[in-house]
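Open the model in your viewer and keep the sequence panel beside it. The tour goes from the whole chain to single residues.

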Amino acid sequence: GHAPIQKVVEHEIALIRATFDGISSDDIEQFIELLRDDTRSVYIIGARKIHTLSFYLYFQLNAVRENVHLIRPDENYLPESLLDAKAGDVLVAFDFRRYPKIIRKTAEFFRESGGKIVLVSDSPAAPIKSLAGINFVVATKGTAIFDSHTSTIALLNALLREYVNAVGAKIKTRLARMENVTRHFDIFTWHD
């Protein structure tokens, strides 16, 4: 293959390995237990370009679990986004350098209302680490000026797989409902 591209591929694979080497199976199990508890709502936030990662997790998790909320990372809408958050609810916060203040403010709000915080970040020294009960640290050092989020997506895929395996056939009803809604709105060109 093309040598510079091959270097990038090897670098990305190394990031995924480094990420999974540092993830504890206890943290994964605790996270899945939180998700399995249907009395808890799940809120997801990521600011600026990291909002794309929070959207990805929201979109996938919402397909297989009820009460999943994507928080719009705009302070003007935070009161509405968090109005129904209650003790025991889960906040998944994506916090990457340069650590937008809105993530800390949201985590503090969750902590004060008795929520559980799951942190996905690029550093074991991320500013809100002390607020989180579960910390997933991903390797993000890119080969160019941009950070890489290949390992973040890989981690989310692994967590989603664990959740789906843990809840089993229970998700079939939700997926069927989703299919009915997409058919009603005639969303797709192609149905399988």
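Helices (H or I, at least four residues) and strands (E, at least two) are DSSP runs, numbered from the N terminus. This is a predicted model: local features need pLDDT of at least 70, side-chain atom pairs count only at pLDDT 80 or more, and totals for chains, interfaces and linings use all residues. Residues are numbered from 1 along each chain as its sequence is written, and side-chain values use heavy atoms, with hydrogens and water left out.

**Stop 1: the whole chain**

Show the cartoon. The protein has 7 helices and 5 strands. Trace them along the sequence and the pattern reads α-α-β-α-β-α-β-α-β-β-α-α. The C-alpha atoms fill a box of roughly 45 × 45 × 35 Å along the principal axes.

Contact means heavy atoms within 4.5 Å. Among contacts between residues at least 6 apart in sequence, 71% join residues at least 24 apart.

**Stop 2: the surface**

The protein exposes about 11,300 Å², and carbon and sulfur atoms supply 55% of it. Areas come from the Shrake-Rupley method with a 1.4 Å probe; for residues, only the protein chains shown count as cover.

Now color by burial. Buried means under 20% relative accessible area, exposed over 50%, and partly exposed in between (1.4 Å probe, protein chains only). Buried residues make up 41% of the 192 residues.

**Stop 3: the nonpolar cores**

A nonpolar core is a set of buried Ala, Val, Leu, Ile, Met, Phe, Trp, Tyr and Cys residues joined through side-chain atoms within 4.5 Å. Select Phe31, Leu57, Leu61, Val92, Phe94, Val118 and Phe136. Of the 29 residues in the largest core, these touch the most other members. Helix 2 (25-36), strand 1 (42-46), helix 3 (51-64), strand 3, strand 4 (116-121), strand 5 (134-137) and helix 6 (150-167) each supply at least two residues of this core. Helix 6 gives the largest share, 6 residues.

Apart from this core lies another, of 19 residues, including Tyr43, Ile45, Leu91 and Phe110.

Return to Leu57. What does Leu57 touch, not counting residues up to four places away in sequence? The list is Ile44, Val92, Phe94, Leu156 and Leu160.

**Stop 4**

Most residues other than glycine have a negative phi, and most peptide bonds are trans. Zoom to Arg97 and Arg98. A cis peptide bond joins them, with omega about 15 degrees. Arg98 lies in the loop between strand 3 (90-95) and helix 5 (101-112).

Tyr99 is in the loop between strand 3 and helix 5. Tyr99 is not a glycine, yet has a positive phi of about 55 degrees. Its relative accessibility is 24%, so Tyr99 counts as partly exposed.

Go to the segment after helix 7 (171-184) and pick Asp186. Asp186 has a positive phi of about 50 degrees, although not a glycine. Is Asp186 buried or exposed? Asp186 is exposed, because its relative accessible area is 60%.

**Stop 4: Glu75**

Finish in the loop between strand 2 (68-70) and helix 4 (78-82), where Glu75 lies. Glu75 counts as partly exposed at 44% relative accessibility. Glu75 touches Ile102 and Lys105, not counting residues up to four places away in sequence.
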